[in-house]
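Reader: Could you take a close look at how the helices pack in one part of this model? I'd like the geometry and the residues involved, in plain talk.

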Amino acid sequence: MWEEAPRTWWELGRAHAALNHYEEAVQAIDRGFALIGGADRDEMLKIKGDMLSQLGRYQEALDAYTYGIKFRHHVRVLYQAKVEVMRTMGQEKQAAKIEKELQKLEQEREDNLRKHPI
């Protein structure tokens, strides 16, 4: 039954990532997504992107981060990772644009916290 649950594949991917088994991490995470996605999708896309980046597969890493941002536009670590990969790829102008989006997101977060303190 564990083979049918996305979370178990994602945990396996996380374990492979911790061991620097990049390709295995990507495969396990993809297997989890193939089953159906879930609440940890943004974290798994971050790990997948990081593993792809370690493998030198920068465009695929960028695609993973971009997809995660599209799915959950408020996750800052995805923006930060995307900027880092863009810089690695020599895409300085695009990276600066994403940094501005991140700054806007941070400002919206701060404004929202002021309006609705905890």
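This is a predicted model: local features need pLDDT of at least 70, side-chain atom pairs count only at pLDDT 80 or more; totals for chains, interfaces and linings use all residues.

Author: As for handedness, helix 5 goes past helix 6 in a left-handed crossing. On the helix 5 side, the contact is made by R76, Y79, Q80, K82, V83, M86 and R87. Helix 6 answers with E92, Q94, A95, I98, E99, E101, L102, L105, E106 and R109. Sort that contact by class and you get eight charged, seven nonpolar and two polar residues.

Helix 4 spans residues 58-71 and helix 5 spans residues 76-88, and the two pack at an angle of about 155° with axes 9 Å apart. That makes helix 4 and helix 5 roughly antiparallel as well, and helix 4 also passes helix 5 in a left-handed crossing. Here helix 4 puts in Y58, A61, L62, Y65, T66, G68 and I69, while helix 5 brings L78, Y79, A81, K82, V85, M86 and T88.

One side-chain detail to finish: R41 has its charged end over the ring of F71, 4.1 Å from the ring's centre.

Terms used. Residues are numbered from 1 along each chain as its sequence is written. Side-chain values use heavy atoms; hydrogens and water are left out. Axes are lines fitted to C-alpha atoms, for helices over the stretch in contact, and angles run from 0 to 180 degrees between N-to-C directions. Helices (H or I, at least four residues) and strands (E, at least two) are DSSP runs, numbered from the N terminus. Angles under 35 degrees count as roughly parallel, over 145 as roughly antiparallel, 65 to 115 as roughly perpendicular and the rest as oblique. A crossing is left-handed if the near helix is turned anticlockwise from the far one by less than a right angle, and right-handed if clockwise. Contact means heavy atoms within 4.5 Å. A charge sits over a ring if NZ of Lys or CZ of Arg is within 6 Å of the ring centre and within 35 degrees of the ring normal. Ala, Val, Leu, Ile, Met, Phe, Trp, Tyr, Cys and Pro count as nonpolar, Asp, Glu, Lys and Arg as charged, and the others, Gly among them, as polar.
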